[in-house]
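Biologist: Can we go through the labels on this one together? I'd like to hear what stands behind each of them.

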Amino acid sequence: MAKAILSHDISPVWVPSPEIEGLRDLAGAHDAATARLAAAKQRLLAFLARRGYAYGGTTPAGNPRRYWTYDFLRWLDKVRPADDGGIRALAALRNEVEAAAETRDDLLAEYRAAVAAGPLSAEVEALQSIKGCGFALAAAFASEVGDFSRFRSGRQVTAYFGLAPKQRSSADSVRLGGISGAGNALVRRLAVEGSWSYVQASHQPKLMPKGSGVPLEVRMHGRKGSERLLRRREEMLARGMPQAKANAATAAELVRWLWALGAMCREATE
């Protein structure tokens, strides 16, 4: 054992505390509840499409009207299938959506309360100072990392979450492929989804909620990261890189910035 440690053949393993394990479980439960709500909404929309009910048109500003808004629900109240089976099916589908939404909202409230009372509350709040990172990604990322000091570089973080490219080496030739897909799939997917927000993001800084306890240094670093990610994405697209590939590269750099923000926040609070 001593020889293996001296030759660096054994790596230390960080063991999460019960509180952090609980946050990980809540992250998975919240994601599952969100997926059930999305599936229920899709079943309702599919029913409407089969019956020929289309919610289309544009807003007074000329933008396409969005689903699941107040106006959409008012329009849905006026939908009346001609047959009794259609009426009952529509009512059942609406009840399913409402029940799934209520369950997800209740779970989200419990999730936020657990994060606020847990050991990672400061880090979760700090991570949300960068564009593309909301509460779901911040909480899932922080609970998966746990101890931000256990990573020595951003490259290790990228590899840990499976966002580093695969490598194929032969003699002096090194070929890079797609992302490895290793590690926590939930955090990786949330990071990729968050990176898509940079498609329509502006160069204006992200505003933090009033009364935020995030240190000014961390907030400014988050603004710097947002600007860099937006600029890098624009440069990649200008070179002709496909949208999906540019987004994967943005997600890889996003998790590195999240790790840096979490490490800064931990140092500031110690």
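This is a predicted model: local features need pLDDT of at least 70, side-chain atom pairs count only at pLDDT 80 or more; totals for chains, interfaces and linings use all residues.

Biologist: Why is Leu186 called buried?

Modeller: Buried means under 20% relative accessible area, exposed over 50%, and partly exposed in between (1.4 Å probe, protein chains only). Leu186 comes out at 16%, so it counts as buried.

Biologist: And what does Leu186 touch beyond its sequence neighbours?

Modeller: Leaving aside neighbours within four places in sequence, Leu186 is in contact (heavy atoms within 4.5 Å) with Ala27, Gly28, Asp31 and Ala140. Ala140 is 46 residues away in sequence, yet the C-alpha atoms are 7.7 Å apart.

Biologist: What makes Asp84 and Arg88 a salt bridge?

Modeller: The rule wants a side-chain nitrogen of Lys or Arg within 4 Å of a carboxyl oxygen of Asp or Glu. Asp84 and Arg88 have N to O at 2.8 Å, and they meet in a salt bridge. They're four residues apart in helix H4, which means about one helical turn separates them. Helices here are DSSP runs (H or I, at least four residues), numbered from the N terminus.

Biologist: Why is Arg88 called exposed, but Asp84 partly exposed?

Modeller: Arg88 has a relative accessible area of 59%, so it's exposed. Asp84 sits at 49%, so it counts as partly exposed.

Biologist: How do you know that Arg266 and Glu123 link distant parts of the chain?

Modeller: Their side chains meet in a salt bridge at 2.4 Å, N to O. Arg266 is in helix H10 and Glu123 in helix H5, 143 residues apart. Glu123 is buried, because its relative accessible area is 2%, whereas Arg266, at 32%, counts as partly exposed.

Biologist: What makes a set of residues a nonpolar core?

Modeller: The members are buried Ala, Val, Leu, Ile, Met, Phe, Trp, Tyr and Cys residues, joined through side-chain atoms within 4.5 Å. The largest one has 47 residues, and Phe141 and Leu258 are among those with the most contacts inside it. H10 gives the most to this core, with eleven residues. Phe141 also touches Leu258 and Trp259, among others.

Note on methods: Residues are numbered from 1 along each chain as its sequence is written. Side-chain values use heavy atoms; hydrogens and water are left out. Helices (H or I, at least four residues) and strands (E, at least two) are DSSP runs, numbered from the N terminus.
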